[in-house]
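Here is a briefing on strand pairing and aromatic contacts. Please look over the sequence and the model before reading on.

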Amino acid sequence: MKVLRLVLPVLLLLGTPAMAVEFKGQNIDGQKLPAKAYYYATGGVYKVQVSFHNKRATIYFDDGNQTTIQLNQQVITDSNNIEGFGKLGQYPINSTFSIGLVSDNNWLGSSDGQLRQSNPLEGLWKISLE
């Protein structure tokens, strides 16, 4: 019985399929593809390259910067409407939490007396594959 308790979790882990991003039934994880990225917070459209890994996309900008976003869907049905969430300077570690640097100095208790109002679209991206 003890052996079964040790072996069963290992078998379940080995039998779990890898979660890959799919487009037209094909696994596209790891491929760097040309795309355009629209950032809802600023309205900016950027010519980029994007690579997918599991349920994440890394957006590579022409100036050498990059950001990683958590995708809303794992199976891409429309290559012109791939949405995800990720703030600049942040890296998602799971579906709830991310780590990274804060890009401004507007902390609680700052001397300007006003709290910064957050943009509800900050962090939302739309990718269109070319």
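**Rings and strands**

Lys-32 lies over the face of Tyr-60, 4.0 Å from the ring centre (NZ of Lys or CZ of Arg within 6 Å of the ring centre and within 35 degrees of the ring normal). This is a predicted model: local features need pLDDT of at least 70, side-chain atom pairs count only at pLDDT 80 or more, and totals for chains, interfaces and linings use all residues. Residues are numbered from 1 along each chain as its sequence is written, and side-chain values use heavy atoms, leaving out hydrogens and water.

**Aromatic pairs**

- There are five aromatic pairs (Phe, Tyr and Trp rings, the six-membered one for Trp, with centres within 6.5 Å; stacked under 30 degrees between planes, edge-to-face over 60, tilted for the rest).
- Tyr-39 and Trp-125 are stacked, because their ring centres are 4.3 Å apart and their planes at 25°.
- Tyr-39 sits in strand S3 (residues 32-39) and Trp-125 in strand S11, so this pair links parts 86 residues apart in sequence (strands are DSSP runs of E, at least two residues, numbered from the N terminus).
- Trp-125 is buried at 1% relative accessibility (buried is under 20% relative accessible area, exposed over 50%, partly exposed in between; 1.4 Å probe, protein chains only).
- Tyr-46 and Trp-125 have ring centres 6.4 Å apart and planes at 50°, so they are tilted.
- Tyr-39, Tyr-46, Phe-61 and Trp-125 make up one aromatic cluster.

**Strand S8**

- S8 (residues 82-85) joins antiparallel S11 (residues 124-129) through four bridges (pairing takes at least two DSSP bridges).
- Gly-84 has Trp-125 as its bridge partner in S11.
- Leu-71 stands opposite Gly-84.
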